[in-house]
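Take a look at what follows, then work through the steps.

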Amino acid sequence: MRAVKAKVEGWRGWGRGRGKSGCCSFKRITVVACCVNLVAALVVLRSFDTSFFLFPSYGFNGNLFSVDQVERIEESIRVRREAESVELVRAVRKLSKELSREQKRGLNLPQNVKQKLANEILQRLQGDNVDTNVTKQRVDLWRIEKLEEVRRVTTSKSNIDSSISYQEAKMLKRVLESNWLMLLEGIGLWIPADVIHTEHNDKPKDEQDLEEIIPGRPLPPECHAELHTDYDGAAVRWGLTHHKDSAADCCQACLDQAKHPKPGEKKCNIWVYCPSEFGCYSPDIYEHKHQECWLKQAEKPRLNFKDKYSKSYRKKHPNAPIVVPWMSGVVGA
């Protein structure tokens with residue numbers, strides 16, 4: 001009985017010892033297996049990578065390139081590398097750095113100097129009715145005078161007749177000669193560039209201007225219509241109370257009246273119409289409105305105004321426009 005118990009206890013002890021040692025061996029085996037898998041993956045990737053560089057003569061479709069094709073590929077790669085303007089790129093970069101350094105050095109003016117320059121330019125620009133062109137001319141003239149003053153100071157190395165010192169003159173000379181536009185931006189002055197506007201007359205010969213297009217139906221030839229014209233004559237019908245929708249209707253009214261005049265009436269041979277929506281100017285005391293139609297009669301038609309009012313007339317009549325707004329025509333009896 002004791003012998004059996006001893007064997008059992010021995011088996012238990014052996015199992016406990018093996019369990020401990022077995023647990024350690026399992027961990028070690030797992031770590032080793034992971035390392036092996038990792039190494040295998042690296043080897044596979046390396047083989048793919050080296051096969052891509054070691055065997056470049058295989059195309060994408062798996063076919064082997066010929067020797068001639070490989071030589072052409074190598075030649076194209078060599079030509080492309082030689083065609084790269086490396087020296088030009090380096091020269092451009094070097095020049096850009098030098099220009100940037102020069103600009104920074106040129107614009108490194110003290111704040112009080114910039115303020116003094118800004119005040120001088122503002123004083124030069126003072127005045128009424130200064131447009132962009134005049135502003136540019138005044139600023140350019142100031143620059144020329146300032147540059148002469150700076151050169152005089154740097155040459156004589158004295159500032160007896162100048163408000164700037166020798167050191168300031170040296171800085172200003174470099175800026176005014178090379179970095180003038182950047183100096184203007186630095187002191188907060190911006191002058192827009194000149195805009196040259198050229199009108200191209202590409203309108204067809206027979207096409208009328210928009211302002212010359214008369215609304216309504218076309219005027220018949222017998223109306224003898226004249227734009228921007230005002231004829232004088234005795235009134236047959238006053239236009240203040242006689243309105244027509246169009247110049248053609250006004251002309252037709254004159255023709256109809258001449259054919260069937262009332263007893264004691266004169267026959268109309270002149271029609272005068274106001275086509276402007278803003279009304280038409282006349283030196284009398286009345287306000288002449290849009291669509292006024294005046295029917296007149298004159299044995300010898302005489303012009304009141306044609307095309308434009310003269311400067312002398314507009315000087316005496318400040319309310320007169322430049323262009324005569326009326327349109328007229330002389331018709332037969």
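**Exercise 1.** Work out what joins the side chains of Glu120 and Lys146.

*Solution.* Step one: Glu120 and Lys146 meet in a salt bridge, 3.1 Å from N to O (a side-chain nitrogen of Lys or Arg within 4 Å of a carboxyl oxygen of Asp or Glu). Step two: this pair links distant parts of the chain, with Glu120 in helix H4 (residues 111-125) and Lys146 in helix H5 (residues 132-156), 26 residues apart. Helices here are DSSP runs (H or I) of at least four residues and strands (E) of at least two, numbered from the N terminus. Step three: Lys146 counts as buried at 3% relative accessibility (buried is under 20% relative accessible area, exposed over 50%, partly exposed in between, with a 1.4 Å probe and protein chains only).

A word on the ground rules: this is a predicted model, where local features need pLDDT of at least 70, side-chain atom pairs count only at pLDDT 80 or more, and totals for chains, interfaces and linings use all residues. Residues are numbered from 1 along each chain as its sequence is written, and side-chain values use heavy atoms, leaving out hydrogens and water.

**Exercise 2.** Find the salt-bridge partner of Arg217.

*Solution.* Step one: the partner is Asp249, with the closest N and O atoms 3.2 Å apart. Step two: Arg217 sits in the loop between helix H7 (180-186) and strand E1 (225-226), while Asp249 belongs to helix H8, 32 residues apart. Step three: Arg217 is partly exposed at 41%, and Asp249 is partly exposed at 24%.
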